[in-house]
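Please open the model in your viewer and keep the selection panel at hand.

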Amino acid sequence: MNTFYSPSPRDASIYQMDGFLIVPGLFDEEEISLLRNIARADREKTERAHGVQDTGQALSKIWLSSDTTRKDIYNAVCHSKRMANTMSCLLSDEAYLYHYKMTMKEPLAGGAWEWHQDYGYWYNNGCLTPNMASCYIAVDNATRENGCMQLIKGSHHMGRIEHGKAGQQTGADEARVELALQHMELVYAEMEAGDALFFHSNTLHRSDQNHSSHPRWGFICCYNARHNPCENRSGHPSYTPLDIWPDEDVLAIGREQWENMAVAQ
Ligand SMILES: O=C(O)CCC(=O)C(=O)O
């Protein structure tokens, strides 16, 4: 029988202290290969992806969805017991799905994400408190060369920072980021495919352009706490109970979706 991850009290306290938690191998090799193969072949999604220019004029590509009606691998991951329970534990409240997205850095071309807090965006969506979190799942190995995530350890304790424009992106106040970097540790989250990075919505993070010959795709699932009021907006819903799916569904639904895609091609 498979055993799936659930957070220990120590994991929860690392998240509270550092503002992030890395869980190696949250998804196994077959699960992450299915997610990668499906996502790369998923023209419906990739054709909808849009580019957001960084300050160096390179494009950071992303698609975003809050659709929960489809029985596909994206929903199987977002609804999986291991993910839902971890998020509820880290938020100390019932977690619900806010949205999910794929960020895609193509070899030698993928743009950077400038320093920001996710709550720098979500504050403007009428979310009352920053008790929200995301999970970045490495779809490809993420290294310094292909633009892995970078985080400032403990920066969620700074509270919300002013955000303005950074290229076409929303970026955190540069002076404040500089100050944080003088006092707090910068962490490069190098990850293997299938590893997961849970991070608080006020944790400052960024990633570099991809100067390598390898793609760097990341699937990011974002959650809000039930008792954190948020305006109901398109792609950014207010509280909707999260249906929890068995962990085994990631494989079962992924295999079926991949077979159907292969037949359709
Ligand atoms: O994919 C990345 O490197 C970061 C993306 C990100 O920060 C975001 O979507 O909020």
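Two notes on conventions apply from here on. This is a predicted model, in which local features need pLDDT of at least 70 and side-chain atom pairs count only at pLDDT 80 or more, whereas totals for chains, interfaces and linings use all residues. Residues are numbered from 1 along each chain as its sequence is written.

Colour the two faces of S6 separately. Met132, Ser134, Tyr136 and Ala138 are buried on one side, and Ala133, Cys135 and Ile137 are buried on the other.

Next, display the strands beside S6. S13 runs antiparallel to S6 and is joined to it by 7 bridges; Ala133 has Tyr223 of S13 as its bridge partner. S6 also pairs with strand S11 (residues 196–200), antiparallel and over 5 bridges, and there Ser134 is partnered by Phe199. Two strands are said to pair if DSSP finds at least two bridges between them.

Now widen the selection to the whole sheet. It is open and has 7 strands in the order S1-S11-S6-S13-S4-S3-S2, with antiparallel pairing. Strand S1 (20–23) and strand S2 (50–53) are at the edges with a single partner strand each, so one side of each has no neighbour in the sheet. From one strand to the next the twist averages 25°, angles being taken from 0 to 180 degrees between N-to-C directions of axes fitted to C-alpha atoms, for helices over the stretch in contact. S1 is joined to S11 by 4 antiparallel bridges, and Val23 has Ala196 of S11 as its partner. Helices are DSSP runs of H or I of at least four residues, and contact requires C-beta atoms, placed from the backbone, within 7 Å.

From His116, select Glu162, whose C-alpha atom is 9.4 Å from that of His116, although 46 residues separate the two along the chain. Glu162 lies in the loop between strand S7 (149–152) and strand S8 (163–166). Is Glu162 buried or exposed? Glu162 is exposed, with 10 other C-beta atoms within 10 Å.

Finally, select the ligand and its shell: Thr103, Trp113, Asp118, Met149, His205, Ser207, Gly218 and Ile220, each with its C-beta atom, placed from the backbone, within 6 Å of the molecule. Strand S12 (205–207) and strand S13 (216–225) are the elements that give two or more residues to this shell.

Note on methods
A residue is buried if 20 or more other C-beta atoms lie within 10 Å of its own, exposed if 12 or fewer, and partly exposed in between; C-beta atoms are placed from the backbone.
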